[in-house]
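Open the model in your viewer and keep the selection panel at hand. The tour goes stop by stop.

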Amino acid sequence: MIICIGNALVDSLEQIEESKINELNLNKARMTLVEKDRSNFLLSNMNNPVYEAGGSAANTAYWISQLGGEAGFIGKISNDDLGEQFQSSLKDSGLKDLTVFEDADNQTGLCAIFITPDGERTMNTYLGAGEHLSVEDLDNDELEKAEIVYMEGYLWDKPSSKDAFLKAAKHNKETGGKNAISLSDVFCVDLHRDSFIEFIKNDIDYVFCNEDELNSLFQSDSTNSSIQYFIENFHNVEQLICTLGPEGVLILANDEEYSFRATDTIVKDKTGAGDFFAAGYLYGLQKKLSINESAEIANKSAAYVISEIGVRPKKTF
Ligand SMILES: Nc1ncnc2c1ncn2[C@@H]1O[C@H](COP(=O)(O)OP(=O)(O)OP(=O)(O)O)[C@@H](O)[C@H]1O
Ligand SMILES: [Mg+2]
C-alpha cells in the first residue's frame with residue numbers, strides 16, 4: 001500500500017478575470033496560508049464556486065486508487081459538513097481511509113482556489129482541523145505494512161504535523177518501506193530549505209517537485225545546475241522526479257537522466273497537475289512498471305486533471 005499523508009482540505013474553486021488577482025491581493029500561482037477571517041472574506045468574493053474534496057496528498061491517494069492501485073490517506077478533519085464531504089470522496093475512490101477527527105471545535109480545512117483565464121490556480125488555505133495532525137494520529141500498523149509513504153511538504157508548515165511527518169518517515173524506514181516527499185510549493189521550500197535538505201539526505205527515497213521548487217531548494221536559477229548538484233550530493237535518493245509543466249518531466253534514476261514529453265491537452269485549470277502526476281508515477285512504482293511506462297501514466301493523469309475544472313474530473317480517463 002502507498003500511504004499518503006497530508007492536509008485534508010475541501011476546495012472551493014472559482015474562475016476569475018486576471019484583474020481580480022490584484023483586487024483581492026492574491027499571490028498568483030502560489031499556495032498561501034490564510035486565517036479564518038481572510039478565508040471567509042475570499043469565499044464571500046466567490047459567486048458560484050464548485051466545492052470538492054481536495055488537498056495535495058489526498059488528491060494523490062485518490063488518483064492512485066482510481067487507477068487501480070492500493071492507497072491510503074492519513075489527515076485530520078472536523079466533524080462538520082466539509083469533513084463529511086471530504087471523507088465521502090475518499091470512500092468513493094475505494095482507498096483506505098485513515099483520516100482522524102479533531103475533537104476541538106474547529107472547521108475542516110478549506111482551500112479557496114481562484115482560476116485565471118491562463119488556467120493558473122492561486123490557492124489560499126485555511127488549515128482548520130488539519131493543522132492539528134500529530135504523531136498520535138498515525139496508524140502505525142498500516143505504516144508498518146506500507147511499501148511507500150508519500151508526504152506533502154505543506155505539512156512542514158505546522159510543528160505538530162511536521163513531527164507526525166518525521167515520525168511516519170522514520171517508522172516506515174525502520175520497517176523496510178520507502179519514503180517519498182513532494183516539495184509542494186516554492187514558498188514552502190523557501191521557509192524550510194535547510195531542514196528539507198537534511199531530511200531528504202537522511203530519509204527520502206523519492207523526491208517529487210517542479211522546476212521552481214528544485215531551484216529554490218538550491219537557491220539556483222538554472223535547472224541544469226540544480227540537477228547536477230542533486231546528482232553529486234544526494235546519493236541516497238533513488239529517484240528525483242522533477243516536473244517541467246508543459247515540457248513534461250525530468251527523472252533522475254539509476255545514475256541516468258530521463259525526460260518525457262507532456263501529454264497534449266487544453267489547460268482549463270492547473271489545480272492538481274502535480275498531485276495527479278505523482279499519483280500516476282507512484283502507481284507505476286507500485287506495479288513495478290518501467291520508468292517510461294510510469295512517466296507515461298503520470299503525464300496522462302496530469303493532462304487529464306487539468307483539462308477540467310477541479311480535481312475530480314468527470315470524463316473517462
Ligand atoms: N500545459 C500543459 N500541458 C500538458 N501537460 C501539462 C501542462 N502543464 C502541466 N502539465 C502536466 O502536469 C505535470 C505537472 O506540472 P507542473 O510541473 O506545472 O507541476 P506543478 O507546478 O507542481 O503543478 P501544480 O499546479 O499542481 O502545483 C507536468 O509534468 C505535465 O505532465
Ligand atoms: Mg505543485
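Select Gly75 and its contacts. Leaving aside neighbours within four places in sequence, Gly75 is in contact with Ile5, Gly6, Asn7, Ala8, Gly55, Ala58, Thr99, Gly130 and Leu133. Keep in mind that this is a predicted model. Gly75 sits in the loop between strand E5 (71–74) and strand E6 (76–77).

Is Gly75 buried or exposed? Count C-beta atoms inside 10 Å: Gly75 has 31 such neighbours, so it counts as buried. The cut-off for buried is 20 or more.

Gly75 and Ala146 lie 16 Å apart in space and 71 residues apart in sequence.

Next, the sheet. Colour five strands in the order E3-E10-E9-E2-E4; they form an open sheet with mixed pairing. At the edges are strand E3 (31–33) and strand E4 (50–54), each pairing on one side only. On average, neighbouring strands of this sheet are turned by 25° against each other, direction ignored.

Zoom in on residues 109–115, strand E9, and residues 121–126, strand E10. The two run antiparallel, joined by six bridges. Pick Phe114: its bridge partner in E10 is Thr122.

Last stop: ligand 1. How many residues surround ligand 1? There are 22, and the closest are Thr243, Pro246, Ala273, Gly274 and Ala302. Show helix H10 (273–286) and helix H11 (291–306): these are the elements that give two or more residues to the shell. Colour the shell by residue class: 10 are nonpolar, nine polar and three charged.

Key: Residues are numbered from 1 along each chain as its sequence is written. Chains are lettered from A and ligands numbered from 1 in the order in which they are written. This is a predicted model: local features need pLDDT of at least 70, side-chain atom pairs count only at pLDDT 80 or more; totals for chains, interfaces and linings use all residues. A residue is near a molecule or strand if its C-beta atom, placed from the backbone, lies within 6 Å of it. Helices (H or I, at least four residues) and strands (E, at least two) are DSSP runs, numbered from the N terminus. Ala, Val, Leu, Ile, Met, Phe, Trp, Tyr, Cys and Pro count as nonpolar, Asp, Glu, Lys and Arg as charged, and the others, Gly among them, as polar. Two strands pair if DSSP finds at least two bridges between them. Axes are lines fitted to C-alpha atoms, for helices over the stretch in contact, and angles run from 0 to 180 degrees between N-to-C directions. A residue is buried if 20 or more other C-beta atoms lie within 10 Å of its own, exposed if 12 or fewer, and partly exposed in between; C-beta atoms are placed from the backbone. Two residues are in contact if their C-beta atoms, placed from the backbone, lie within 7 Å.
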